[in-house]
Amino acid sequence: MKYVFGPVSSKRLGQSLGVDVLPPKSCTWNCIYCQLGKTGEYVTERREFYPREEILEEIRQAVEEPAAVDWITFVGSGETTLYKGIGWLIRETRKLTSIPVAVITNGSLLSEEDVREELLEADAVLPSLNAGSPELFDRIDRPCPGFTYERHIEGLVEFRKVYRGMLWVEVMLIAGVNDTAEALQDIASALEKVRPDTVHIVLPTRPSTESDVRLPAEEGLARARLVLSQVATVVHPVKGSMNLKNTADIIETVTAITRRHPLQDRELRHALDELIPDEPDQVERLIVRLLGSGKFKTVTLQDGEIYWVPASDA
Ligand code: SF4
């Protein structure tokens with residue numbers, strides 16, 4: 001499939017069937033922690049990048065398959081709401097299935113009224129809020145020229161006023177950048193204005209655009225929980241496990257996932273173990289087959305964690 005991938009395990013959404021509505025990489029920001037590499041040229045104009053009927057047809061086919069899916073998640077190779085017609089896709093998807101629909105977004109375009117309206121029918125919207133000051137916002141999210149922190153907050157506040165679904169704000173916690181007491185107090189003040197249903201603290205566990213993006217120490221994570229929970233319910237989601245049981249073609253499935261984000265080697269091996277229980281030799285053979293396909297390579301981070309990425313990635 002061209003647009004639909006997974007289901008993949010998501011820290012926030014369990015088994016999530018992804019729908020990617022953008023050509024890579026199309027984004028309004030260039031975050032230091034991005035898993036998709038640097039933003040070459042900012043994209044700020046909303047477009048129907050692919051025919052909406054084509055995308056919906058793939059969703060229709062995917063939901064007809066008997067697979068354990070907790071959420072259908074619109075998530076772009078960049079900023080999802082750049083897709084003009086996301087509202088139509090959400091509406092039509094909800095007519096097809098009772099599986100709830102989520103939208104992962106950086107939230108930048110919520111400052112536009114038509115974007116806010118298009119997201120109203122989603123069951124959950126997950127925007128980012130990584131900073132409580134313009135300086136830190138520019139340092140972490142590196143938005144397109146002219147896009148301000150004030151505009152970002154205003155968009156989130158305006159959306160909350162009209163949105164009745166679940167607003168789960170995501171805070172990417174980066175060691176030495178936004179895990180200090182001062183930075184967290186600023187984020188808490190911003191969250192007070194936005195009034196999300198919950199705040200999800202997420203960590204830069206995957207290879208990032210900038211090599212100095214580090215996981216916070218236990219102390220930073222504890223501080224974030226404490227400070228942010230004074231203004232909102234804080235969730236630090238536990239990682240789910242990937243399910244490959246309904247996969248017809250493993251190489252295609254792993255290709256679709258790694259095109260969107262790096263895949264942890266441990267997670268892949270665990271999913272293969274569950275697919276072929278008590279057959280470690282077969283699992284190894286599958287790993288060799290996957291690597292032999294020439295479509296992937298592995299990278300090892302400084303913490304020793306191994307990830308699968310597309311072979312074409314630098
Ligand atoms: S992390 Fe998301 S918002 Fe930031 S640059 Fe990457 S795709 Fe864009």
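The ligand sits in the largest cavity. A cavity here is a set of points, on a 1 Å grid over the protein atoms alone, where a 1.4 Å probe fits but cannot get out, and a molecule sits in one if more than half of its atoms lie within 2 Å of its grid points. This is a predicted model, in which local features need pLDDT of at least 70 and side-chain atom pairs count only at pLDDT 80 or more, while totals for chains, interfaces and linings use all residues. Residues are numbered from 1 along each chain as its sequence is written, and side-chain values use heavy atoms, with hydrogens and water left out.

Who surrounds the ligand? Around it are K25, C27, W29, N30, C31, Y33, C34, L36, G78 and N106, each with a heavy atom within 4 Å of it. By class, this shell has six nonpolar, three polar and one charged residues; Ala, Val, Leu, Ile, Met, Phe, Trp, Tyr, Cys and Pro count as nonpolar, Asp, Glu, Lys and Arg as charged, and the others, Gly among them, as polar.

Now step back to the whole chain, which has 10 helices and 11 strands. These are DSSP runs numbered from the N terminus, helices being H or I with at least four residues and strands E with at least two. The radius of gyration is 19 Å, close to the 20 Å that the globule rule gives for 314 residues, so the chain is as compact as a globular protein of that length. That radius is taken over C-alpha atoms, and the rule is 2.2 Å times the number of residues to the power 0.38. Of the 314 residues, 53% are buried, meaning under 20% relative accessible area with a 1.4 Å probe and protein chains only.

Nine of its 11 residues are buried, so helix 8 is largely enclosed by the rest of the structure. Its cover includes strand 1 (4-10), helix 9 (265-275) and helix 10 (280-292). T253 lies in this helix, residues 250-260, and counts as buried because its relative accessibility is 16%. Leaving aside neighbours within four places in sequence, T253 is in contact (heavy atoms within 4.5 Å) with L244 and T247.

Finally, find R116 in helix 3, residues 113-118. At 13% relative accessibility, R116 counts as buried. Not counting residues up to four places away in sequence, R116 touches L110, S111, G155, E158 and F159.

Conventions: Buried < 20%, exposed > 50% of the residue type's maximum accessible area, 1.4 Å probe, protein only. 1 Å grid on protein atoms, 1.4 Å probe; cavity = no way out; pocket = protein on both sides within 12 Å on 5 of 7 lines; lining within 4 Å.
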